[in-house]
Amino acid sequence: MRRLVYYELRKHFLTPVMAWMFLFLLIMDTLKIYSVYRESSLFSDSSLEEFKEAYGELYPVYSGEITVEKINSLLEIYSPIYETVQSQTASTKEDENSYTYNVYSDELFFRKCFLEEMEYDYTYRLYAAEIVSEARENMDFYEEWGNVYEYRRNLYLARAFYGREIKDFYNTEMYQSLLYYDFSAILLLMLMVYGCASVFVKEEETEMKYIVRTSQGGQGRTYLAKVFSALLFLVVAGVLLNVWDYCLFALWFGGTESAASPLYAIRGFQDTILTLTMGQGYMLLSALKITGICVFCMMFLLFSLAARKGMAAFLLNFVSIMMCVSAYDYIYNSGHLWNPVSLISGRNLILRSDFINLAGYPVPQYMIAVGVAVFLILGIVYTGWMLWRRR
């Protein structure tokens with residue numbers, strides 16, 4: 001079986017064309033990540049070189065554990081600057097005594113780089129405590145009225161947010177962009193569109209199917225070898241692309257020390273029920289993307305098996321993607337969990353505290369989406385097997 005999988009890999013995926021395509025995708029991915037850095041990083045603009053120098057001096061002082069002393073020290077610096085800016089009495093020309101360029105750029109620098117983020121970190125404990133308090137009140141209310149599901153849902157929220165706090169201040173700029181980056185998943189999906197189109201239809205076009213069917217294990221083992229080879233290539237390529245993304249974001253953005261910070265330290269993830277770190281959150285999102293593409297991969301193989309020509313399978317692959325993307329844009333209820341696009345943009349499943357009522361128990365949406373994806377993969381593989389036997 002391993003030898004069959006290896007031969008299928010060599011025949012359809014480990015080819016010079018696929019290698020050049022993968023290299024091209026890496027180049028495209030690199031250019032896109034650099035454009036994201038140029039657009040979103042405060043320190044990417046060469047005109048803000050003073051910001052970068054000042055940040056390099058002050059960040060080691062104020063990063064790490066958030067203490068009252070650090071906050072007071074920052075306020076002692078920022079308060080006079082803020083009052084001067086509000087009075088509009090300072091000059092807009094370069095000031096040698098400023099931290100950056102002048103007092104106005106100093107105000108922007110301290111507010112954007114330190115105070116706003118540190119204020120969010122310091123006050124998040126109160127925000128989480130309010131959610132726990134409200135959830136407990138709801139638990140008492142729904143217990144009195146006998147609504148078991150809503151009681152369990154609020155119990156889940158109370159446990160998820162209980163005791164939350166952000167103890168350390170770190171630069172989260174890298175993860176704020178990395179966790180919202182989906183371009184590499186789109187590139188991988190396009191690669192699988194091409195790679196999977198010929199997996200079954202090639203035997204149809206060359207009439208090798210007759211030899212395959214009469215060979216030993218031609219009915220079952222060959223079919224499974226084709227499926228396993230496609231999944232193996234997808235998983236390996238997906239892991240490599242995700243590692244590539246992480247390395248490039250770390251190279252340009254920096255801030256990898258925040259990998260151990262909680263995921264909710266990013267403002268957009270403040271309502272997530274997950275208690276993962278940012279590094280773990282990125283691994284989870286990467287796994288969700290690969291799982292979503294696996295569903296598409298099985299669909300592509302099914303089209304390759306049903307089609308008579310490679311071009312027909314290729315077009316069916318693209319049509320299926322367009323239909324799923326369009327459906328995802330217009331379906332906002334739980335029906336979108338049947339769409340593999342929801343896993344490729346997996347952060348939308350974990351940004352909020354959304355649940356599905358499953359036999360009276362609240363189950364997080366991302367778990368349901370993964371379960372649905374596994375069901376779809378197995379269902380498509382079985383459908384393909386039945387079609388393979390009939391042909």
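Modeller: A salt bridge here is a side-chain nitrogen of Lys or Arg within 4 Å of a carboxyl oxygen of Asp or Glu, and the structure we are discussing is a predicted model.

Colleague: With that in mind, which residue meets K289 in a salt bridge?

Modeller: The side chain of K289, a residue of helix α12 (residues 278-306), reaches a partner in the loop between α7 (173-178) and α8 (183-197), so the pair ties together parts that are 107 residues apart in sequence. Both members of the pair are buried. The N to O distance is 3.2 Å, and the partner is D182.

Colleague: How far apart are the closest N and O atoms in the salt bridge of D182 with R347?

Modeller: D182 lies in the loop between α7 and α8 and R347 in helix α15 (residues 347-350), so this pair ties together parts that are 165 residues apart in sequence. R347 counts as buried because its relative accessibility is 13%, under the 20% limit. The closest N and O atoms of the two residues are apart by 2.8 Å.

Colleague: Turning to helix α5, is S105 buried or exposed?

Modeller: S105 lies in helix α5 (residues 103-145), and, leaving aside its neighbours within four places in sequence, S105 is in contact with F51 and T100. With T100, the side chain of S105 also makes a polar contact of 2.5 Å. Buried means under 20% relative accessible area. Because its relative accessibility is 12%, S105 counts as buried.

Conventions
Residues are numbered from 1 along each chain as its sequence is written. This is a predicted model: local features need pLDDT of at least 70, side-chain atom pairs count only at pLDDT 80 or more; totals for chains, interfaces and linings use all residues. Side-chain values use heavy atoms; hydrogens and water are left out. Helices (H or I, at least four residues) and strands (E, at least two) are DSSP runs, numbered from the N terminus. Buried means under 20% relative accessible area, exposed over 50%, partly exposed in between (1.4 Å probe, protein chains only). A polar contact is a pair of N or O atoms within 3.5 Å; within protein, one must be able to donate a hydrogen and the other to accept it, and residues adjacent in sequence count only if both atoms are side-chain atoms. Contact means heavy atoms within 4.5 Å.
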